[in-house]
Amino acid sequence: MQFALTAKLLINMHDLNNERAEEIRRVPLIFKTKDGYRLISEAVAVSGVMLKHWHAVYLARRAEELGVNLCPLCRRGEAIRVPPPDAVKMEWLHTDENTYKKYIDCLSKGTEEDLIKLCVGEDAHGFLRTEPTLRRESLIKFSWLLPIYLEGIEMPPFRVVQHTRNIREVPEEPEELRRMQMPYPRSYADGVYGFASLCDLELVGTAFTCRKQVIDDNEKKKRQRAILEAFIPMLTGAFGASLARSLPAAKPLEVVAIVSKEAKIGFPAPVHPMYEDYFQLNERLFRSFAKEFNVDLLICTYGIGQSKKEDKVEVKVVNDPAEAIVTAIEYLGLNKV
């Protein structure tokens, strides 16, 4: 069981990846234009770390609703997988002493199987414990959120905006309150952006060290469902920094969800939406994958493509972005758990 996703969004006034107060992250990228290839030296971009963090947050929220196991840190929305045990205090977790001791013992001495059973976050997003060393590869992979070159628009559309906090009455002391009301800069950018993601649903609940499934089938299906549903808020730009005051003014343009019930081996990485012909390349790529491994394939699309079916491969156009993922969940039979 495998899943891949690509999404293209129009995003205005975003503050998604501030590195410093006055500067949003910018990277060099190569684009193909009508005049050939062009290097954009300062394209505004968002790292996959930001996307992965917000998927983990939405995963924890949905997992709690479905009754899926969560560790105390993921339950409180902290995407810290296997922190140093001596850095985790009982009062910080707001839990009882018995639960706290069991959790710390699992962090410090637990096997990969123990940590998988403990929490869907450790299971799906992987972890690294340094002492004693134990590592689990993430089952979910994210690309960078990268801008898409638009002919005639210079890159990067970028500005710094001054904000100020308003305090009803500022006393003479302490001075810190006065500083809190001082103006502060924040950087914003606009553009059409895309990202790609891969998820190996087959290995959910499976330990790499012993190569066996360590949770029951019902728990596995709930985890798989929560993992896919956690992508839905991300299709409208609900991720990144400063959401309280600058939730991106986003519009989904194209969403492609690719899913297989029969595939055991991991999908190839989908071509990123930053490339103009990404959908055609992905359709051919995944058709070849399905033919080579003789597996089924459903490609759910919004905003691009045409519905058609050939052998075990179907392309299905849907009416809204979320429906692409909902249709994939129904196709896998995960909507019944």
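**Entry 1: aspartate 296**

I looked up aspartate 296 and found it in the loop between α10 (278-293) and β15 (297-302), in what is a predicted model. I noted that aspartate 296 is buried and yet has no salt bridge, since I found that the nearest side chain of opposite charge, that of lysine 261, is 5.1 Å away and a salt bridge needs a nitrogen within 4 Å of a carboxyl oxygen.

I stayed in the loop between α10 and β15 to look at asparagine 294, where phi is near 50°, a positive value in a residue other than glycine. Most residues other than glycine have a negative phi, and most peptide bonds are trans. Asparagine 294 counts as exposed because its relative accessible area is 53%, and the cut-off for that word is over 50%.

I then turned to methionine 13, which is found in strand β1 and has a positive phi near 55°. With a relative accessible area of 36%, methionine 13 is partly exposed.

For the peptide bonds, I wrote down that a cis bond joins glutamate 131 and proline 132, with omega at about -10°. Proline 132 has its place in the loop between β6 (127-130) and β7 (133-136).

**Entry 2: helix α11**

I went through helix α11 (residues 321-331) and noted that Pro321, Ala324, Ile325, Thr327, Ala328 and Ile329 are buried. What covers these buried residues of α11? I found that the cover includes β1 (2-14), α8 (217-229), β14 (249-260), β15 and β17 (313-317).

At the N-terminal end of α11 I found a cap in aspartate 320, of which a side-chain oxygen lies 3.1 Å from the backbone nitrogen of alanine 322. Just after α11, glycine 333 takes a positive phi of about 75°.

**Entry 3: cavity and pocket**

I noted that a search of the whole structure finds 1 cavity of 30 Å³ or more, and that the largest cavity has a volume of about 70 Å³. Of the 13 residues that line the largest cavity, I recorded Ala56, Val57, Ala60, Cys74 and Gly121 as the closest to its centre. Both α1 (48-66) and α6 (120-125) supply at least two residues of this lining, and the largest share, 4 residues, comes from α1.

I found that the largest pocket has a volume of about 430 Å³. Its lining is made by 17 residues, and I listed Lys32, Met274, Tyr275, Glu276 and Asp277 as those nearest its centre. Which strand gives the most to the lining of the largest pocket? I found that strand β4 (residues 26-33) does, with 4 residues.

**Entry 4: salt bridges**

I recorded 19 salt bridges from a search of the whole structure. One of these joins arginine 223 to aspartate 123, with the closest N and O atoms 2.8 Å apart. That pair links distant parts of the chain, as arginine 223 is in helix α8 and aspartate 123 in helix α6, 100 residues apart. Both arginine 223 and aspartate 123 are buried. I also noted a network of salt bridges that links Glu112, Asp123, Arg136, Glu219 and Arg223.

Within helix α4 (residues 97-109), lysine 101 and glutamate 97 lie 4 residues apart, about one turn of the helix, and they form a salt bridge whose closest N and O atoms are 3.2 Å apart. Glutamate 97 counts as partly exposed, at 46% relative accessibility.

Last, I looked at glutamate 137 and arginine 135, whose side chains meet in a salt bridge at 2.9 Å, N to O. Glutamate 137 is partly exposed at a relative accessible area of 32%, whereas arginine 135 counts as exposed at 56%.

Definitions and conventions: Residues numbered from 1 in each chain as written. Predicted model: local features only at pLDDT ≥ 70, side-chain atom pairs only at ≥ 80, totals over all residues. Heavy atoms only, no water. Buried < 20%, exposed > 50% of the residue type's maximum accessible area, 1.4 Å probe, protein only. Lys, Arg positive; Asp, Glu negative; His and termini not counted. 1 Å grid on protein atoms, 1.4 Å probe; cavity = no way out; pocket = protein on both sides within 12 Å on 5 of 7 lines; lining within 4 Å. Points joined across faces, edges and corners; volume = space filled by probe spheres on them. Contact = heavy atoms within 4.5 Å. Polar contact = N/O pair within 3.5 Å; in protein donor to acceptor, adjacent residues only side chain to side chain.
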